[in-house]
Amino acid sequence: RIIYSLCTEIVDYNICIVFFIGVLTVSFVCYCCNNLIPNGSVEANTYYNDNLYWIGNTIELEMNFPPVDFRVCTREFHYHYFSNIQLAVIGLLSRVPAIEIGFVYSWVQIDLMLVLGTYCFLNKILKKWYLVLTGMFILLFTAGFENDVIIGVVQYLYYARFGYDVAFAFSLFCMYLMYIQLSKKFDIKIFLLTLLAFICLLGSKSATGAIVLCGMGMICLYWLFIERDLKKSFGYGIWLLLLFFGMYLIFFTGNNAQTLSVTTTQSNALSILQYPPITEVFLNIGKLVNDNYILQNIFFIVWLCFKSQGIIFWFFSVGILIKWFFVRKFEIIDVSCVFITFVGMVCTRLLKHFGYSQVYFIMATFPFALLFGLRAFDELTKLYKEFPQKKFLRVISGAIVVVSLFFLGQGVMNFYDGDKSYLGQKLEQACERLVNPDYQVPIDHNYTTQEDLEAYIWIRENTESKSLLLSDQ
C-alpha cells in the first residue's frame, strides 16, 4: 500500500504503459525467443551459461535454505541470490520447473519494475515531461559500444538477466525514496521502505548496492552537517551501514565467495577491454602523454565512459560545465549523483574481480550521471530571463541539443546493431529465427551445446535428484 500510494501520486500511466509495452517487446524477442525450452535439440537455440547459473540458484533455493552450492558441493552458498528467492517460492507452490519460471515467467514483473522505477526516479527530480521521456528512452533503449568494452547495460537488462536488472530497478527506487525524504520530516514508512529496497538491491547485485550506498551516505552527511537533523542522518546512516556490512558478512563472504582485489597496475585497465586493436589504440595514446600515469588513467576513465554509453556521459560532462560556469550552485541531489558517478569510475579502475565484475560499479552510475546532466540542462534553460547575454545562452543550449541528438542517434543504432552491441546480436538472431525456423545460432564458449543438453537429460533420467556427481572438468 505504501509503494502504491507513493507511485500513484506522480505516475503518468500513459507514459508508463507505452514504455512498458516497448520494454516487454524487447524482452520477449531478446530473452524468450533466444531461450526457448529445449525439445531435444539446442541446434537453433543456445543458452547463455550465466542465465543457466542463475536458474541453478533457484533450483538450489527450492531444495535448501540457507542454500548449498551444489556445483562444487560446499557447505554454504555465498552469492547475491535474492533475485531467485521469490522464483524459488513460486516453484515450490506451483511445481512449475525452475527453467520455465526463469525463461518464461520471471521477466514480466522485472520489466514492470524497470519502467516504474525509471519513471518515478526521473519524474521526482526533473518534473518536465520531455526531460522525463528523454531520460527513460536513453536508459531503456540506447546502448554504447558494448562489443568493444565489457560494459553491457542493456545486455544485462534484456538478455543476460541474472540479477543486475532487479538491482537496476531497486537502485532507482532507493534513491527515489531518499529524494522524497529530503523534503520531509523523518517518515517511518519511507524509512522502512527504503531499508527494504536497499536489502533487495544489495542482495540482487552487491556491487550496485555498494555504489548506491555512497550516494545515500552523502545525503546522510547532508542531513548531519547542513540540516542538523540527527534523527534522519543517524537513523538512515547507521541502519544502512549495518545492513551493508551485515549482509556482506552473512551472504557474500565464505569459502566459495569471490573476492575483490585492489590494483593500481595498468594491466587492470587493459583487462576489461575485449579486443587487441582497442588495447593497442589505448597504449598508443598513452605514449602520446609520455606514459604519464595520471593522464593515462584520466584518459582511460573518460574513454571508457564515452565508449560504454556516450549519450549519458555527454550529458554528465555538459552538466559539470553548466553547473560550474552558469548555475554555480550544487544542491545535494547534484552532489549525490556526481559522487556516485565518481566512485563508480574509480572503483572500476582500481578494483579487480573474477569475470570482469568490476564493470558493475560503473554500470551502477548510469542513471545518476544522466539525471545530473538532464537536471543541469533544465537549470540552464531557466536562466534565459535573468542571464544578460540571452542569445549566447540560446546558442549554447542549441549546440548542446544538436550534439545530444548525434549521441542519441548513435545510441539507438548501437541498441539494434549486432556489430556494436551484444543485445543487437541477440535481437538479430531472434528475428532471423522467426523468419527462418532452420536458422542456427553461432555457438561460442559461453553457450550450451547439443552435447551438454544430452548429458543433462541423461543425468536427469538416470540419477536421483540428490545424487552427488563427480567430474574432472
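This is a predicted model: local features need pLDDT of at least 70, side-chain atom pairs count only at pLDDT 80 or more; totals for chains, interfaces and linings use all residues.
Reader: Let's start with Phe234: which helix does it lie in?
Author: Numbering runs from 1 along each chain as its sequence is written, and side-chain values use heavy atoms, with hydrogens and water left out. Helices are DSSP runs of H or I with at least four residues, strands are runs of E with at least two, and both are numbered from the N terminus. Phe234 sits in the run covering residues 230–252, helix H11.

Reader: Does Phe234 count as buried, exposed or partly exposed?
Author: The cut-offs are under 20% relative accessible area for buried and over 50% for exposed, with partly exposed in between (1.4 Å probe, protein chains only). Phe234 has 43% relative accessibility, so its class is partly exposed.

Reader: And what's the area of the nonpolar surface patch with Phe234 in it?
Author: Patches take residues with over 30% relative accessible area and no salt bridge, joining like charges within 9 Å and nonpolar side chains (Val, Leu, Ile, Met, Phe, Trp, Tyr) within 5 Å. Areas come from Shrake-Rupley with a 1.4 Å probe, and for residues only the protein chains shown count as cover. Here the members are Leu230, Phe234, Ile238, Trp239 and Leu242, and together they make a patch of about 520 Å².

Reader: Let's go inside: how much space lies in the largest cavity?
Author: A cavity is a set of points on a 1 Å grid over the protein atoms alone where a 1.4 Å probe fits but cannot get out, and its lining residues have an atom within 4 Å of a point. Points are joined across faces, edges and corners, and the volume is the space filled by probe spheres set on them. The structure holds two cavities of 30 Å³ or more. The largest has about 40 Å³.

Reader: Which helix gives the most to the lining of that largest cavity?
Author: The lining includes Ala143, Phe306, Gln309, Phe407 and Asn414. Helices H14 (293–308), H15 (310–327) and H19 (390–416) are the elements that give two or more residues each. With four residues, the top contributor is H19.

Reader: What about the second largest cavity: how many charged residues line it?
Author: That cavity holds about 30 Å³, and its lining is Leu139, Val153, Phe168, Gln309, Ile312 and Phe366. Ala, Val, Leu, Ile, Met, Phe, Trp, Tyr, Cys and Pro count as nonpolar, Asp, Glu, Lys and Arg as charged, and the others, Gly among them, as polar. The lining splits into five nonpolar and one polar, and the charged count is none.

Reader: How close do the N and O atoms of Asp334 and Lys323 come in their salt bridge?
Author: A salt bridge puts a side-chain nitrogen of Lys or Arg within 4 Å of a carboxyl oxygen of Asp or Glu, and the structure holds 11 of them. Asp334 is in helix H16 (residues 332–350) and Lys323 in H15, so this pair ties together parts 11 residues apart in sequence. Both Asp334 and Lys323 are buried. The N to O distance is 2.7 Å.

Reader: Which arginine does Asp334 also bridge to?
Author: The closest N and O atoms of this second pair are 2.8 Å apart. Asp334 in H16 is linked to a distant part of the chain, helix H18 (residues 366–381), 41 residues away. Both partners are buried, and the arginine is Arg375.

Reader: What phi does Lys127 have?
Author: Lys127 lies in the loop between helix H5 (98–126) and helix H6 (129–141). At 56% relative accessibility, Lys127 counts as exposed. Although not a glycine, Lys127 has a positive phi of about 70 degrees.

Definitions and conventions:
On a 1 Å grid over the protein atoms alone, a cavity is a set of points where a 1.4 Å probe fits but cannot get out, and a pocket is an open set with protein on both sides within 12 Å along at least five of seven lines; lining residues have an atom within 4 Å of a point.
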